[in-house]
Amino acid sequence: MNKKLRVGILGATGMVGQRFISLLENHPWFNVVVLAASPQSAGKKYEEAVAGRWAMSSPIPKNIKNLKVLSVEDDFNKIIKEVDLVFSAIDLDKEKIKELEEKYAAAGIAVVSNNSAHRWTDDVPMIMPELNADHLDIINIQRKNRGWKKGLLVVKPNCSLQSYLPVIYALKKFGPKIVSVTTLQAISGAGKTFETWPEMVDNCIPFIGGEEEKTEKEPLKILGSIKGKKIVPDKNLNISATCVRVACSNGHMASVAVKFKKRPTKEQIIDVIENFKNPLAGLGLPSAPKQFIKYFTEDNRPQTKLDRDYENGMGITCGRFREDSALDWKFIALSHNTIRGAAGGAILIAELLYKKGYLD
Ligand code: NAP
């Protein structure tokens, strides 16, 4: 690639926006040139806008510190002239997010979104690149439906399902039909740190608004297929979810039990997971993990603190496969919520879009 694509981050000051900034530092294909957020941050230098709330372990990159933050809405005309691609991570009401994301796409910008607003729009693909890259084919229909020549809109699924769904997907030849999952989700998933959410120290909260519905339903679209002009969700899987907020800074764990049409042996399960070939291997995507799913034999792994950064936070870890007395097998899975589950996952989607020629 001779020239880097010009990238904007909408919601650049938030938890996910900060993660985009740190992951895109020195990215070989993408260059962050626009940072945008709410009117409260607009007009400030980035380092002033995030003063006291920069939550990444590395410092704000030098080329970003002094960039002036723009307003996602008020500076729309300026932003669309300066970028080819935007990553969207804004916290607004859903209808407003839908309207804004469509407005950017209609102006010829590729929009890759972390927000849930468009996840159930028929012609918008919800992508986990290793699982359903083929759903990107719907972009041609999307552009035709909406009269967009260059713009496009792709969304990333919710962070809560990214730990366990790849494992279920790897085991698809055994016909998973019932999944019972309890997620243990870190506080960064709510855009918080222990400083900004002190009630979470030494605490668990057994409710995360809207999360259980997302955890149960979004996998069905990801495992679905394009039929006619839309993506039709899979009908073979029934998921029941409980989502709990736990006192961890980063990393969403899931405790999962599964029933299969054809019950595999433990040896078959481990063989399938250990030999799962990453479908992105060979595409040369800079953010793709070398090994997508790692299986641990130790009884006390994966652990949130030890394993969330596996493959730079882009890999999934799992372990503790054991028989379940009600369903067939149970296991533990883990992923990094703001990397694989948010910014990193979205960057991987954009790399795939570039490789498939959608960003030309
Ligand atoms: P956050 O830390 O609360 O950040 C929200 C961002 O939205 C900030 O940049 C904020 O700007 C901006 N914003 C708020 N009101 C705005 C307005 N009126 N116009 C433009 N921008 C506005 O939230 P987050 O955790 O980063 O999450 C962002 C989105 O990603 C949410 O939709 C969330 O559901 C989704 N998501 C989060 C995670 C995660 O692990 N955290 C994972 C997957 C998806 P100011 O700083 O100027 O207020």
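Author: Happy to! Let's start with the overall layout: in this predicted model, the C-alpha centres of domain 1 and domain 2 lie 24 Å apart. Domain 1 covers residues 5-158 together with 342-355, while domain 2 runs over 160-336. Where they touch, domain 1 brings 35 residues to the contact and domain 2 brings 39.

How much surface is hidden there? The size of an interface is often given as the accessible area lost when the parts come together. Here, the two domains bury about 3,100 Å² between them, and 67% of that is on carbon and sulfur atoms.

Now for the polar and charged links. Between the domains there are 14 residue pairs in polar contact, counting pairs with both residues at pLDDT 80 or more. There is also 1 salt bridge between domain 1 and domain 2. Arginine 119 forms a salt bridge with glutamate 218, and their closest N and O atoms are 2.9 Å apart.

Finally, look at which helices build the domain 1 side. H1 (15-24), H6 (129-132), H7 (138-146) and H12 (339-355) each supply at least two residues to it. The largest share comes from H12, with 7 residues.

Methods. Residues are numbered from 1 along each chain as its sequence is written. This is a predicted model: local features need pLDDT of at least 70, side-chain atom pairs count only at pLDDT 80 or more; totals for chains, interfaces and linings use all residues. Side-chain values use heavy atoms; hydrogens and water are left out. Domain bounds come from an automatic or database domain assignment. Contact means heavy atoms within 4.5 Å. Buried area is the accessible area (1.4 Å probe) that two parts lose on being put together, summed over both. A salt bridge is a side-chain nitrogen of Lys or Arg within 4 Å of a carboxyl oxygen of Asp or Glu. A polar contact is a pair of N or O atoms within 3.5 Å; within protein, one must be able to donate a hydrogen and the other to accept it, and residues adjacent in sequence count only if both atoms are side-chain atoms. Helices (H or I, at least four residues) and strands (E, at least two) are DSSP runs, numbered from the N terminus.
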